[in-house]
Amino acid sequence: MASTIDPTLAGTVSFFSTPATRFSSNPLLTKSDLAQFLKDLLDPLAPYTSPGSARIQLGYTGTHYDDVAAQLEGFARPLWGLASLLKGGGLYEGSKRWVDGLKNGVDSGSPEFWGYMRDKDQRMVECSPIGFFLASCPKETWGCYNEEERGKLEAWLNVMNEKEMPNTNWLWFRVFANLGLKKAGSTKYNAERMKADLDHLDTFYIGEGWSRDGPEGVVQLDYYSSSFAIQFAQLVYSKLMREEDPVRSEEYRNRAVKFALDFVHYFDEEGRAIPFGRSMVYRFAMSSFWGALAYADVDLPAPLSWGIIKGLQLRNLRYWAREAPGAYNKDGTLTIGFNYPNMNLTENYNSPGSVYWCCKSFITLALDDDHPFWTSKEEAYPDVLKESVTLLKNPLHIASNLGGHTFILSSGQQCSYPVKQSAAKYGKLAYSSAFGYSVPVGSLTLEELGGDSTLALSDDEGETWKCRRETREARIEEGAGWLRSMWYPWKGVEVETWLIPPRKENPLWHLRIHRIRTKRNLISAEGGFAIYGQGKDGRALNHLPGGGYSETEGTVEDGPVARATSSAGVSGIAAVETNAKRKGKAMRMDANTNLIEPRTVLPTLMGSHGAEEEDHWLVTAVFALPQSAFGLHDSWLKEWEKKPAGIEGVLRSVMTGN
């Protein structure tokens, strides 16, 4: 019998690309839809739960802390969602597992005892969702325990009040522990300690809604400043303590109003958030700030409305439910990674249970059914914020969504303590909602480096490469509308960089200008955005001869130009300095360098720069168009042809400012 299979499918991998049905079939439009999504995430945890329910073990990878703490993570972090569900009147037949597990985990006589907290103990982190569970559901927790069980629970949490904690957002975890004790009615609630912690946390505030993740001198304003920790915690506190601490609660709501007007620029029309910084394994926790606004009943600033907030939150959740099948194992548990399992990007504190920090984004389940978040019609990304460029002075970012590509230019942030792949997570020149960012997977070749949106330098003929990690003297020069900074990779080498956002006349191009002063010979490799590197047949993109003057998928290397076109969009880079000698290369990156796509091509410019008295000036034009924005343009090739030219005026402005 003749085969009826479409011959164009022969040899492809499309048979295995269908997302997990349990999530992709959920429309995620209503409160009941969101509750079902949560339950579908909680159900697969049951087989991995210990007999006494206090521990959940999802895998065998290691962390810097002990395995019992990792199993506590697996137990505690889903409580962000379960507590919200129960608070909002929802039911879950597996909730008894967590009620029993909490009782057994704090019992020193139980084989499932978590152990008492020491100084700077990972167990402290998990006190945050536990405290939220107690504060939100006192009847379902505290009210279910006898006097002895309550005593063990409050004693275990109270240990934290006498221990040393990192001088970071961690202090919020102790605040939540005391909040839980207070709302439960425990005599171990330490009001003095909680006030001292809050007073100190408030010193992290720098204005316009932004808090840094640490004391003065820290230049780290990532998702921990927003959804992962500080803003989320402030909003939850303002709700739970509105009557007891009205002044501070009102201050936190006011901060959120200001912050929201900046944070909205980190999300695109598809619902994706821009990956930036550490802990990307927390995935849709990135959007939990929007739900926390509703939880705290914040008076929204124009142009934001409850319909817009609802859209920002639910579109992000729908993206993760439908568009990232690699975020889930086949049994429905979450993987360690971002869009697919990837240990290269993880931190040394990421266990298999860590990823359930994403359950913060279920906080809108705690709202009454008649809350305006749920009664309002979902609205699209606000028109007034589309096709805009915004200077964000506190995080040292310039956000753009011109032409349908949402990304930030970045200079100045860095982690205040050692973090794996820190240069990739904080030091790149740009970060994109569509193309993500890449991390190194080795130290031998450029293909291993993951050098997207980066100027990489080598002083040993390519044996080793340095990328920007510690950026100095970074500032937004508002009059010029650019981001300017210094980098000192070695003694005797200075790199000054100007990042210039797109303009309406060429909305898919941004400019980078580098002035290199060097007393040693250097090789440079400057990358654009990494892009999905496979063709329609599933195989590596083919090279296009003759300069690629068509919209055919494939790669182009044409003098000082490199470009790649695939089903994910178009990414390109061009050297536009006078008498450019750099050469374009469509570099096939090592597998699993990128957060979003495991197989990528990186348009790159290669150059050599001698040890000379004169400065080396590099002027780079970077092009990017995600597939989601194809419909906004008649022809992407016409947009490509708008490559910035006649840049002498810009260069003169830059040089005059020296």
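Helices (H or I, at least four residues) and strands (E, at least two) are DSSP runs, numbered from the N terminus. The model is predicted: local features need pLDDT of at least 70 and side-chain atom pairs count only at pLDDT 80 or more, while totals for chains, interfaces and linings use all residues. Residues are numbered from 1 along each chain as its sequence is written, and side-chain values use heavy atoms, with hydrogens and water left out.

**Two backbone stops**

Select Glu-208, in the loop between β1 (205-207) and β2 (210-211). Its phi is near 55°, a positive value in a residue other than glycine. Next, go to the loop between α12 (288-295) and α13 (306-322), where Pro-303 lies. The peptide bond joining Ala-302 and Pro-303 is cis, with omega about 10°. Most residues other than glycine have a negative phi, and most peptide bonds are trans.

Display α4 (residues 79-87) with α6; their axes come within 9 Å and cross at roughly 10°. Axes here are lines fitted to C-alpha atoms, for helices over the stretch in contact, and angles run from 0 to 180 degrees between N-to-C directions. α4 and α6 are therefore roughly parallel (under 35 degrees; over 145 is roughly antiparallel, 65 to 115 roughly perpendicular, and the rest oblique). Contact means heavy atoms within 4.5 Å. On the α4 side, the contact residues include Leu-79, Trp-80 and Leu-82; on the α6 side, they include Ser-128, Pro-129 and Phe-132. By class, this contact has nine nonpolar, three polar and one charged residues. Ala, Val, Leu, Ile, Met, Phe, Trp, Tyr, Cys and Pro count as nonpolar, Asp, Glu, Lys and Arg as charged, and the others, Gly among them, as polar.

Arg-123, Cys-127, Ile-130 and Leu-134 of α6 meet Leu-153, Trp-156 and Leu-157 of α7. Six of these contact residues are nonpolar, none polar and one charged.

**Helices α10 and α11**

Select residues 230-240 (α10) and 246-263 (α11), which pack at an angle of about 140° with axes 8 Å apart. That makes α10 oblique to α11. The crossing is left-handed. Among the contact residues are Gln-231, Leu-235 and Tyr-237 in α10, and Arg-248, Tyr-252 and Phe-259 in α11. The contact divides into five nonpolar, four polar and three charged residues.

**The second largest pocket**

Finish at the second largest pocket, with a volume of about 560 Å³. Of its 23 lining residues, the closest to the centre are His-64, Trp-170, Arg-278, Tyr-349 and Tyr-417. The lining comprises eleven nonpolar, five polar and seven charged residues. On a 1 Å grid over the protein atoms alone, a pocket is an open set of points where a 1.4 Å probe fits, with protein on both sides within 12 Å along at least five of seven lines; lining residues have an atom within 4 Å of a point. Grid points are joined across faces, edges and corners, and the volume is the space filled by probe spheres set on the points.

How values were computed: A crossing is left-handed if the near helix is turned anticlockwise from the far one by less than a right angle, and right-handed if clockwise.
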